[in-house]
Amino acid sequence: MKRRDLAKLYFPDMSDVEAVRSLRRWIEGCPQLMSALDELSMPYKKCRILSARQVRIIMEYLGDP
């Protein structure tokens, strides 16, 4: 799933750029989530496409959009 698409699920009223920034702030504001993403050994910050596992972990910590 594209990071932009996930961000738009959480922030449907924002532009794509604003939604991605807001999602990034939410993720960075949750140290447990950042730790869980780091444990996957998949680069989260640099990728535009998130794996199913990354999306599942984000939704687990942030709740369903």
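The buried residues of α2 pack against α1 (3-10), α3 (31-39) and α4. This is a predicted model, where local features need pLDDT of at least 70, side-chain atom pairs count only at pLDDT 80 or more, and totals for chains, interfaces and linings use all residues. Residues are numbered from 1 along each chain as its sequence is written, and side-chain values use heavy atoms, without hydrogens or water.

Start with α2. Helices are DSSP runs (H or I, at least four residues), numbered from the N terminus. Ala19, Ser22, Leu23 and Ile27 of α2 are buried. They cover an arc of only 135 degrees around the axis, so they sit on the same side of α2. The arc is taken from the directions from the helix axis to the C-beta atoms. Buried means under 20% relative accessible area (1.4 Å probe, protein chains only).

Now take Gln54, in helix α4 (residues 52-62). Gln54 counts as buried because its relative accessibility is 2%. Its side chain reaches the backbone nitrogen of Ser51 at 2.8 Å. Beyond four places in sequence, Gln54 is in contact (heavy atoms within 4.5 Å) with residues including Leu37, Tyr44 and Cys47.

Cys47 is itself buried, at 17%. Cys30 is buried too, at 16%. The structure holds zero disulfides (cysteine sulfur pairs within 2.5 Å). The closest cysteine sulfur to that of Cys30 is in Cys47, 18 Å away, so the two are too far apart for a bond.

How values were computed: Helices (H or I, at least four residues) and strands (E, at least two) are DSSP runs, numbered from the N terminus. Buried means under 20% relative accessible area, exposed over 50%, partly exposed in between (1.4 Å probe, protein chains only). A polar contact is a pair of N or O atoms within 3.5 Å; within protein, one must be able to donate a hydrogen and the other to accept it, and residues adjacent in sequence count only if both atoms are side-chain atoms.
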